[in-house]
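Me: I have some questions about how labels are assigned in this model. Please set each value against its cut-off.

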Amino acid sequence: MSAPRFDLRWRRPATWQVTLAVALLALGFLLAVQFQSQAPRARYSTQERPPLVETALDLSEQQDALKDRIVELRAQIQQLESDVSEDDVAEAALNDELVEARIAAGLVALAGPGVALQFDDAQGPLPPDASASEYRVQAEDLRDLLTALWLSGAEAIAINGERVTVTTAVTDIGGTVLVNSAYLAPPYVLTAIGGPELYDRLVASDVLRTLLEARVQPFGLELSAGPLDQVDVPAYSGSIRLIETRPAATPTPPAPGSTP
């Protein structure tokens, strides 16, 4: 009996088998690469997610705090703008009061309708045994004329360009008159601002009438007056010195039922 024979010759695999083997090998390689790349990503996502969430929440809280701060700052800006506006109004009111005080003190030059008067000594020879001073314009005469002007509604007065204020002194010094700190000589020109009706009120003044009857007519003093559409009164140019001030006493109201 003869022994079996084996065919040991190499057989070439079929083409489809080679293609399938290559495809499986490629598929296995891709699966291995994908698994290696996804594992760290999964671990990263799992480990890092909580800190990222906390960071996002912190940023959100900070943003809300900043929004609240912005609203607060805007409110403060509006308040400051309002305060500035109130300060501007108060400052404007104070400036108006200051201007009025300066005008009342004679520190501001003024112009407007008013009157002009000229007051001069008597001209010509004096009567025998007459006192020369009686035929000259004296400080008292000027004070009476100033009183007549103030009572007639004059707002500002000047004598020979010297502004008359509430502190102005008019006194006799020899043959001249001292007004403020200026020595004035006749003729004395008085300019006053007081509106178009000032002249009519001055002419009807009892003080002026008394001055005319007591001084102008008996001694021949020369006094002339007339209205003007434009009168310029200069500002007070003397020194301002405050010696002493004190608050005015407030009277105490009487108790109920008491006799004043």
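Reply: Start with Tyr236, which lies in the segment after β8 (222-233). Strands here are DSSP runs of E, at least two residues, and helices are runs of H or I, at least four, numbered from the N terminus. This is a predicted model: local features need pLDDT of at least 70, side-chain atom pairs count only at pLDDT 80 or more, and totals for chains, interfaces and linings use all residues. Residues are numbered from 1 along each chain as its sequence is written, and side-chain values use heavy atoms, with hydrogens and water left out.

Me: Why is Tyr236 called buried?

Reply: Its relative accessible area is 17%. Buried means under 20%, exposed over 50%, and partly exposed in between (1.4 Å probe, protein chains only). So Tyr236 counts as buried.

Me: Which residues is Tyr236 in contact with, leaving aside neighbours within four places in sequence?

Reply: Gly106, Leu107, Arg163, Thr165 and Asn180. Contact means heavy atoms within 4.5 Å.

Me: What makes Arg215 and Asp141 a salt bridge?

Reply: Their closest N and O atoms are 2.9 Å apart. The definition asks for a side-chain nitrogen of Lys or Arg within 4 Å of a carboxyl oxygen of Asp or Glu, so the pair qualifies. It links distant parts of the chain: Arg215 sits in helix α4 (residues 206-219) and Asp141 in helix α2 (residues 139-151), 74 residues apart.

Me: Are Arg215 and Asp141 buried or exposed?

Reply: Arg215 has 13% relative accessibility, so it counts as buried. Asp141 has 2%, so it is buried as well.

Me: How many salt bridges does the structure hold?

Reply: Three. Glu197 pairs with Arg201 at 3.1 Å between the closest N and O atoms. Asp206 meets Arg209 at 2.6 Å, N to O.

Me: How do you know that Asp206 is exposed, and why is Arg209 called partly exposed?

Reply: Asp206 has a relative accessible area of 54%, so it is exposed. Arg209 has 39%, so it is partly exposed.

Me: What makes a nonpolar core?

Reply: It is a set of buried Ala, Val, Leu, Ile, Met, Phe, Trp, Tyr and Cys residues joined through side-chain atoms within 4.5 Å. The largest one has 31 residues, and Phe119, Leu142, Leu149, Tyr188 and Leu190 touch the most other members. Helix α2 gives the largest share, six residues.
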